[in-house]
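Hi,

Here is the structure I promised to pass on. Please open it before you read the rest.

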Amino acid sequence: MTDQKNKSNHWHQLKVEEVRERLGSADSGLTREDAQQRLELFGPNELIEKKRKSVLMMFLDQFKDFMILVLIAAAVVAGVIGEPSDTIAIAVIVLLNAVLGFVQEYRAEKAMAALKRMAAPSATVIRDGRAETVAVDQLVPGDLIILEAGGVVPADIRLAEAVQLKIEEAALTGESVPVEKETAALREEDLSLGDRKNMAYKGTLVTSGRGQGLVTATGMRTELGRIATMLQSQEEGKTPLQKRLTSFGQKLAYAVLAICAIVFSVGLLRGEPPLLMLLTAISLAVAAIPEALPAVITIALALGARKLVRQKALIRKLPAVETLGSVTYICSDKTGTLTLNRMTVEEVYTAGRLFLPKELPVSAVESAEVPLSGRKPLGLLLTALALSNDARQDASGEIIGDPTEGALFALARDKGFLREKLDKTFPRLAELPFDSDRKLMTTFHPWDNGRVVSFTKGAVEEVVERSEGVFTGRDRETLDRAEVLELADRIAGDGLRALGYGLRIWEGLPDSLNSAEVETGLTLLGIVGMMDPPRPEAAEAVALCRSAGIRPVMITGDHPLTARVIARRIGILDGDEQAVMTGRELDRLSLEEFENRVEKIQVYARVAPEQKLKIVQALQDQGQFVAMTGDGVNDAPALKRADIGIAMGITGTDVSKEAAHMILLDDDFATIVKAVREGRRIFDNIRKFIKYTMTSNSGEIWTIFLAPFFGLPIPLLPIHILWINLVTDGVPGLTLAAEPGEKNIMRRAPRPPQESIFAHGLGVHIIWVGLLMGAVSIFTQAWSIHTSQTHWQTMVFTVLCLNQMGHVLAIRSEKESFFRQGVLSNKSLLGAVWLTFLLQMATIYVPFLNPVFKTQPLSAAELSVTILLSTVVFLAVEIEKWIKKRKA
């Protein structure tokens, strides 16, 4: 037998006899002995999972992040120098972060299980000339399989018999309509899966008809297995936030080491005891670490995820919330994502006129009770749509059957032509079923006075070829074939699937029901154009993406013409024909050639799963951050590889949902725009927290570091540093996570993926505002000592604390004034500021706290001066924002 693997891509080119010969099979199927030998050779027909990480390793991996390692080091140092509260606080934060990450990763390991659920549990196979049911995992290459409507294809199969066989391959290829299968060999070598009409693939669904075929591939060698292999081999990259925080953690670690070295060296030069200076330097270094940062990020992401659920977006992996804010490309599957995944009649041609469904004139449509012979062309066409149709409607009103027939059924029903009523008056007397050779279907119904009418539908060119006239309502008139075919070409050029309808009147039911005699001498009744239309909200969502600097790209397994039409209608394609690429063209390009063109392509059609993955990787290689939306199995590897994978919640397969970072519960492309807005808001708020906490830490460091240079004693005690670090920094900082989005949040370009977290002046702000805080604190200390105030240390402690409160209020917006934003627009932050103020006052005026915090009650004059000096930072930052706004 020829090696299954070497020929896996060429079975569609071989005749059935050649396939049978190469597989070593026979008309009666394999023998049981041969099947057993092949099972030992090729192994079970099942998807094999790679070895998973143990639960322990999965948990320990959560501690590899650089920022987490810096925090663990800080916790150890804090414990060594006798600050157990810091150690406990950091340990709790790190542990919480690890648990959340572990839970997310554990849930993400379900993708392979979902792939396995797609496989059928059993299959009907012919062995030793007899049909028998066997477990799917026992199938081997060369087995002769029987396919029936409603069954799942159990392996990759080269069809040997296809009787009105249609298979739904949307989950594998993206094709929205079930594919009509045939058995003839196909000449072209590099056909996409959707064009290999003599093949059936594992995991797809037989919607109608029956067939037989020879198994060509099993297990991981099937197309579904190839997807499983790609899915397992894809490692998820770090999110933008994770990359920025890694960089931030490294810079912070270097800064902390530098602070330790400088403070320790300066202290030694001034003659301070070495041990005291070592403890002081380490205390400052620990204070410089923003312990609350992981907690703030987790809270911000969790709040964002909860908000997005209310907006119909389910976040499976928390970092994905922020990642949305960095997305520069959205690669979207067409079927079911940008379109409705439901065939719909778009145009109707009859009696020389072209109508849109909503424009069909009521005056031209008769009631169902009018005899067929008395109907006008449009009414007769709608009758034909209803009667010459195998779709049906269930009790809930849902249409069941072939999507094309469902679209015709829906139009007739919506115009009052209900098939169940028409069937009672004009029952089907006989029929010639549709087949792919003649591309026609004919049904017979009562006409009048004992006569019979036949309705024939099918490919327009076939109906026109068999027609001798056109029905206009008065009589049969001369048919201008060239004009009608030109119209059909125009309809097809609009991406619509065109069906022609003809009729013929008989004196009675024909004795011989064969196509050559029955489907001739027709009168053309009309043409119907259908397509899977765009979602109503898709065009607006695409426009919003563009306004936010995000480029939408369509990636589909559908026909290039259909893809081009949909892309134009929703605004993805702006007229550049070079912006459309097929999977075949993509295959011909080297990776280097493709990467040179990838940013110019807006539509990809007839692509295979690995090509979707290649597109995502090429964009990422060009420095883009890519979101991939999809609902099929074919999307899963690209969903996992993308910076953010977005699955459809309603039409999506389990595989795509498990591989995705986010699931759209309403399958609405517009929901992505809401999620992008939320992602940008969250990252803005994380930057605000970093700006707040690092500026506060900077202020503390400058205060302690600079005081000795002015001949002043150390202004703060360790308890003061600890209080500011845990209370003043923490409580108000956490509430920044709830800050509303800024007004221009969706009118600015995405953040460049490589952009530093300190970009746009954040680093400069931390330095100059920290210096200002230090200067105000040192001025307070110097003035208090100069004026013989005995409570100077309490005043410095309070000024530093309250200046930080003023700072957190001022940085709520990059450019808008605090007062223009509205004092109550973030009530939780305002409450936190008041709570911190009251707690600070308690450290001063509650007697039993004075010895704990080494404070003394301030007089009214001292408190007034303290509060006045505490407004300096707030006013300075407000002036900075005013200057920025004026420059802008």
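Below are notes on one helix pair and on the salt bridges.

First, a caution: this is a predicted model.

**Helix pair**

Look at helix α20 (residues 538–547) and helix α27 (residues 669–706). They pack at an angle of about 30 degrees, and their axes are 8 Å apart. Angles under 35 degrees count as roughly parallel, so α20 and α27 are roughly parallel to each other. The crossing of α20 past α27 is left-handed. On the α20 side, the contact uses A538, A541, V542, L544 and C545. On the α27 side, F669, A670 and V673 take part. By class, that contact has eight nonpolar residues, with no polar and no charged ones.

**Salt bridges**

The whole structure holds 34 salt bridges. Three pairs link distant parts of the chain.

- E188 and R584 meet at 2.7 Å, N to O. E188 lies in the loop between β5 and β6, and R584 in helix α22, 396 residues apart. E188 is partly exposed, at 41% relative accessibility. R584 is also partly exposed, at 26%.
- R428 and D390 meet at 3.0 Å, N to O. R428 sits in the loop between α16 and β14, and D390 in the loop between α14 and β12, 38 residues apart. R428 counts as partly exposed at 24% relative accessibility, and D390 does at 44%.
- K688 pairs with E742, with the closest N and O atoms 3.7 Å apart. K688 is in helix α27, while E742 is in the loop between α29 and α30, 54 residues away. Both K688 and E742 are buried.

There is also a network of salt bridges, linking R32, D128 and E132.

Best wishes

Methods. Residues numbered from 1 in each chain as written. Predicted model: local features only at pLDDT ≥ 70, side-chain atom pairs only at ≥ 80, totals over all residues. Heavy atoms only, no water. Axes fitted to C-alpha atoms, helices over the stretch in contact; angles between N-to-C directions. Helix = DSSP H or I, 4+ residues; strand = E, 2+ residues; numbered from the N terminus. Parallel < 35°, antiparallel > 145°, perpendicular 65-115°, else oblique. Left-handed = near helix turned anticlockwise from the far one by under 90°. Contact = heavy atoms within 4.5 Å. Nonpolar A, V, L, I, M, F, W, Y, C, P; charged D, E, K, R; others polar. Salt bridge = Lys/Arg side-chain N within 4 Å of Asp/Glu carboxyl O. Buried < 20%, exposed > 50% of the residue type's maximum accessible area, 1.4 Å probe, protein only.
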